[in-house]
Structures are given as C-alpha cells and as structure tokens.
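Hi,

Here is the structure you asked about. Please open it next to this email and follow along.

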Amino acid sequence: MKRNFKRTLAKVMAVALTVALAGTAAPEADAAKKAKAPKLSAKSVTIVKGKSKKVTIKNVKAKQVKKLAVSTSNKKIATVKKKGKTAVNVTGKKAGNAKVTVKVTVKGKKKATKLTLKVKVKDAAPKVTAAPVVPTTAPSAAPVVTPPAGSSAPQTTPVTTPTKTKKPTPTPTPPWEVTSVKNIQLGGKAASKLTYFNVDENGTADLILNENAKYGNVYTYFDVVLPEGSTVEDLYSVKFDFDAVAGDLENKKVYLLAGSTDPDSLDAFPGELLYEWDPVNQFTNIKNIAVDEYAISFSNAGLLEDQELEIDTAILKDMELKDNKIRFSIFAILDGVKGANTEYKVGNIRVLSKKGVSDGNDKPSDKIDATEGIAPDGLVALDRGTIGVGDKIGAEAVVKNASIVGDIKEAKWSVGGTSVVELKANADDQKKAEITAKAAGVETVSVEITTTKDKKVTFTKQITVTAEKPVIEDITLELKENNVVTIAKDTAQGKGKGTIDISKLVEGVDLANYENITMFGSATYKGESLEDDGILTLQFVNTDASDTGIVTVHNIKGSALAEGKGIVSEGSLETLVSGSKMLKLLFQNSVALTDGDLVVTIDKVVLNAKKDAAEEPAE
C-alpha cells in the first residue's frame, strides 16, 4: 500500500514539474518568436534649418548591433551622423525634403534591416523680442460696504481686481548686417606655382591648380575687421558661391577655416593647411570654425549657390586676434595633377554680423597666368576605330585640358584622301563630324581647332576600313602575380593604398573599339567578403602619379567583383586613357580599418569590345 502510494505520488510530482517547466519555457519561446524587428523612434521629422534632431533605433541594444550604416538622399537638405550604435543625428541644412536611410545589422543575422526616415527642413522663424507688459487701464477697487448701525457684520475689505491686458505685439529682431567681401587673397607656400589665379570685378576668384600647387599648400582667404565695440560673438555666418569647374571634383568638401592675421600669434594662418583623415576628419594646424563640419559636399562639376556656414563663435573667442582682424578661408581639399588640372571658382562672399564688419584688404591678390606656354592636349574621338565598308561613325574633337587652354571655339575637319572614307562636318556643332567608309584601307582624319583662349592645334586619327564586317573581340588579361593589394588593420581612412598594373591590357590597342574595362576577383575585410558599401574606393590611374585617378568608382563590393561587375570606366574610354603609358587599378580604404585587414585580389581584367545592337545578347 505504501509502495503504491509512493509510486503514485512520484508520478503526480513528475507531471506537475513537467507542466511547471512547460509553463516557464513557453513564454520564452513565444518571446523569441515574437522578437521585434529594429525600427526608428519616428517615421518622419521636421527640423529647423541649422538645428539637429536625434532619432533612436528601437527594439535593439547597442551590444546586439554588428554594423550601422547611414546615408541621406540629399546632403544639401539634410545630413546624418551616427550617434553610437542605436541612434542617429539629423541636421537640417536647407529648406526642403530629404530621405535618411539607416541600415542596421544585428549579430547573428546576415541581412541588414533597412529603415527610412522622412525629413522636412524648414527655415527658422524670425526671432522676436516680447515688448514689456503695460496695463491698459488702472486697476479698479471694489467699493467699501458700511453695515447699518447696530449691525454686527464685519466691514468688507477693499479688493483690487486687475483688468485684462492686450497681448504684446512681437518686435522682430533686427536683421543681420551683411558685408560683401571682394578683395580675395591668395595664400599658401605654393601660391606662386598656380597655373591660374584671378579675381574679377565682382569678387569671384578663379583658380586652376596643378601638380605643384594642390591640396593645402595653396588656398584663398579674406580678412575682415570688427568695428570698435564689436566682438566675435557678434558674428553669425559666412555665405558664398562655389563653382566646381573641372578636374579633381569627386567627393569633395568645402570648409570654413579661420585664424589670426598676426604672424607671431599661435593662431596665425599657416603657410600650409594640414588635413588629417584620422581620427575624425580634422585639420591639425588650423581651426575649422563652422558649427557644422563642412558647408557642402559635391561630386560633380557645377555651381553651388548661396551656401552658408554658421560660425562657431566659441572657437573664435579663444584666438589671439590683432587689431580686431580675423582671417577666414573657404577651403576645398582639391588636387591637381599633370594632365588633369583642377579649376574652381569661389565668390559672392558675404559675412553676416550684428554690427557689420569691413573688408580687411584694399585689393585682391595679383593675377597669375601661366597658361601662355601650354598647348591644347586632345584627340579625335571616334565611335569605332575599325569599320566595314558602308558603315557610318561619328567623330568628335576633344580638348582634355580645356580648363587651362579654353574650349573649342572653331574646328576645321579634313581627310588625307577621299577614296577610303567620306567626311561631312556637323553644321550645328563644328566639333563633330560624320564619317562614311567607302573602300577598304587606312585613312587619316584631321581636325584643326582654335580654342576660346586663341590657341591652335591639329589632332589626327587613323581609321581602318575592312571589306567585310570587322569582328572585334574582348581582350582578357589574366593576373597570376602582383595582383593582390593588402591594406593592414589600424590604417587610417584614406591612408592605405595599393596598385595593380594593367598596362599590358591596352598595348597596341585602338581604344576607340572598346567600351570599358571590367575586373574580376574578390575583396575581403577581416577575412569575409565585403557586404556593405563604404569600405573600398577604386581609382583608375593613367599617369605616373600613384594616388590620383581619372575615373573613380566608389564602394566596391566583394560580390560585385566576383560577378564581374567591377566596371572601372565612365564616359569615353578612348578619351580617358588615350596617350597613357601606364594603366593602374588603385585601391584605397574609404574608412579607417579598425578590426582587420582589407585584401583585394584581381584575377582577370577584361577590355570589353563595343557591340552592335545585333551582337548584344538578349536579357
């Protein structure tokens, strides 16, 4: 009996324990199934120009985040920065709308969660100062009530009751005084080596940089003088126009810098501006005095109008200024190399302040013009270099250094003979012509050009005509050695680089017959294939300078290389590469490498032939 009781009791306890365990495990399992995906604390935000808002990533902790990437659809409207691993900071730059994209990758998951935030930026409302409150009428007192004789009721104490007053009328804050600055100066240790510098009557400075005058060893600046009784705290912002004309204009930023005009001051404006990528894009010997990191970021030529940088007056307060004078520089980190000079213009400079400022210089720096001895460099660019009888192709005269010698003003076309090809100049655009193949052979096409700066030169090009339709095939360069670039861990952003020489690919080749260049291989970071953008930058180099490219392709992914999608030419391959004695693939790290090595391996590079519509495979 006792034995049976014990057995029954044991079974009951086992069942109870099982139920209890199931009861505790079930919520945990349900919680795991119902784990919420990351999301932003807001779907949309409205920001006043110049202000910032913080948006957090919900449903995830910082320790769970493997990677966080942020971007904005329009940097002119709004910029975005990471704030740790679970938040972003959005700053309004200009009135308008933009979309911020946040990609968060959680540990244990391969795919990133893509989150979007709608951003509306509006102009700041004018500041108002409340007028003092003035009563419209005197306060009225309640009458004194006297009780009848013999009454024991107490006398009423007078009570003051204020009447309602009208709301004060807002008084607008006086507008900022605007001072135009036209006397732009040229500074830097290599200022005299510039190819061109001139300030026109409107106060716009035009500069052409070259291989001897680039980066921070040449810059423009202007001085302003604060009036008596004014301090740096009376300053508000600097406005300007920036025109990126030609040259090294890919992914560049424009900064507002400041220093003292006193050469003996510790804050004296230096002879060269030293810019360091690491740790957080800092100038090492000059102060960046903008509230925001930079004014504008641009990737293509074009005029950027009415840019504005608000001045961080707290930084200026610490400077050793002489005679109440401040030196400002609107500085772009631009390069200039042989064959690829860079031109930009900066002007319409206005300083906004409470009490106004005055231009600190009587006239701009003297003009520099070293373009006189430079001849136009260019070519006749063809749709095809080899064609069949009866085929028609286009030809165009191209000046590669037009920023220095001027663009084409007049062009005269001719051919060596008329038996092989027939040439017809374009009536609407004299830079272009149409060529018709008449018979098999080789013919020379010439064009004599005159530039807008009255420089003359003749370009020539040979055309091959075949009796039958020509067959042009891809050219493949297999790479077995010297084909690996390793950028080591702890390399600062932009400091690591390595090149792979592919000069043999174009030896003896008529580039007019080829479309672009594709590379195949792999790119890994910490031993794993690149999954996200923002690690690797590729430049296509055709000069003996190993750190500047003529074509730049950013954010190369490992998977893109493996699939042969690493196409490294944009525009006319013939125009870009023609005349080069060497050709290199240059790889750089576009972020600091903190966790491991970045390794690029290129196994094959293909020169892709131009295809007729009939030849192209159907998709």
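A salt bridge here is a side-chain nitrogen of Lys or Arg within 4 Å of a carboxyl oxygen of Asp or Glu. D267 has a relative accessible area of 15%, so it counts as buried. K287 comes to 29%, so it counts as partly exposed.

Keep in mind that this is a predicted model. The mean pLDDT of the chain is 81, and 78% of the residues reach 70 or more. Two stretches need care. Residues 24-34 have pLDDT below 50, and beyond near neighbours in sequence they make zero contacts in the model. Residues 127-172 also stay under 50, but the model gives them 32 contacts beyond four places in sequence.

Another joins E574 and K461, at 3.1 Å from N to O. E574 is in helix α5 (residues 573-577) and K461 in strand β36 (residues 456-466), so the pair ties together parts 113 residues apart in sequence. E574 and K461 are both buried. Shared partners join K461, D510 and E574 into one network of salt bridges.

**A sheet**

Look next at an open sheet of four strands. Its order is β29-β31-β34-β33, and the pairing is antiparallel. Which strands stand at the edges? They are β29 (378-382) and β33 (421-425). Each has a single partner strand, so one side of each has no neighbour in the sheet. Neighbouring strands are turned by 25° against each other on average, direction ignored. β31 (residues 392-399) and β34 (residues 432-437) pair over five bridges. E396 has K432 in β34 as its bridge partner.

**One last residue**

Find Q588 in strand β45 (residues 584-589). Is Q588 buried or exposed? It is buried, because its relative accessible area is 13%. Leaving aside neighbours within four places in sequence, its contacts include I487, G494, K497 and L536.

Best wishes

Notes
Residues numbered from 1 in each chain as written. Predicted model: local features only at pLDDT ≥ 70, side-chain atom pairs only at ≥ 80, totals over all residues. Heavy atoms only, no water. pLDDT = per-residue confidence, 0-100. Contact = heavy atoms within 4.5 Å. Helix = DSSP H or I, 4+ residues; strand = E, 2+ residues; numbered from the N terminus. Buried < 20%, exposed > 50% of the residue type's maximum accessible area, 1.4 Å probe, protein only. Pairing = 2+ DSSP bridges. Axes fitted to C-alpha atoms, helices over the stretch in contact; angles between N-to-C directions.
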